Amino acid sequence: MRVTVCFYSYFKDLTGCAQAVETLPDGSTLDVLFHQLMLRFPRLAGMQKSTLMAVGVDYQDRTCVLKEGDAVSLFPPVQGG
Amino acid sequence: MKRQLTLTTEPIDEPALLAQRSLSDGMGAVVCFLGVVRGTEGNASIRALEYEVFQRMAEHQVNLLFDQLAQRWPVESVRLVHRLGLVKVNAPSLWVEVVAPHRGEAFAACQWLIDEMKQVVPIWKKPVPGDR
């Protein structure tokens, strides 16, 4: 399956892009996706503990099972205000 | 509960926001909070902050917070305005208004909303170095 991944804030600098498309085995979780992304974008490895993840517009933890066409977002802790 | 969220690159127009206020006869408290950009970030001088948003998610998350706020306090209305893009030092970046029957719940709801917003609403700021 294929999922779209969007990066926000300085994650765009770490990856060098705002968006990527990843192909994953069916039934993959966000954790599997993140490990695959670390291979492609090694600078993400330093952000493992602080990365927030969303599918669509809702936060999800790393056990979340993805499905074809999901829009995943990865970003650092938020800083509004 | 009436609710209004504005995410905008335009300056926050306080007089216009105050002119748009409406409250019923049972309301006894209006709490307004204005957040402004500080001239330092850590120990470094900055001239502005650049705000970035994940708009659809931010709108969704703020509405979830509004839902929770309505369940916890008897708030009649809440309005939240957040600046995006470049905001210079001393300029407002955040304006929040809570209208409630009494000051205790108005203060508590306003404080809670801002604290929660800073935890879950996907907005980020990047310091722009330099003196004003």
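This is a predicted model: local features need pLDDT of at least 70, side-chain atom pairs count only at pLDDT 80 or more; totals for chains, interfaces and linings use all residues.
**View 1. The four-stranded sheet of chain B.** Four strands of chain B form an open sheet in the order β1-β5-β7-β2, and their pairing is mixed.

**View 2. Pairing of β2(B) with β7(B).** These two strands, β2(B) and β7(B), pair in the antiparallel sense over eight bridges. Opposite C32(B) stands E97(B), a residue of β7(B).

**View 3. Helices α2(B) and α3(B) against the sheet.** Helix α2(B) packs on the sheet, where it touches β1 and β5 (77-83) of chain B. The direction of α2(B) makes about 155 degrees with that of β1(B). Helix α3(B) lies across β2, β5 and β7 of chain B and runs at about 145 degrees to β7(B).

**View 4. The side of chain B that touches chain A.** In this interface, 19 residues of chain B are in contact with 10 residues of chain A. On the chain B side, two or more residues are given by each of α2 (55-72), β7 (92-100), α3 (103-120) and β8 (123-129). The largest share, five residues, comes from α3(B). By residue class, the side of chain B that touches chain A comprises 10 nonpolar, five polar and four charged residues.

How values were computed: Residues are numbered from 1 along each chain as its sequence is written. Chains are lettered from A and ligands numbered from 1 in the order in which they are written. Two residues are in contact if their C-beta atoms, placed from the backbone, lie within 7 Å. Ala, Val, Leu, Ile, Met, Phe, Trp, Tyr, Cys and Pro count as nonpolar, Asp, Glu, Lys and Arg as charged, and the others, Gly among them, as polar. Two strands pair if DSSP finds at least two bridges between them. Axes are lines fitted to C-alpha atoms, for helices over the stretch in contact, and angles run from 0 to 180 degrees between N-to-C directions.
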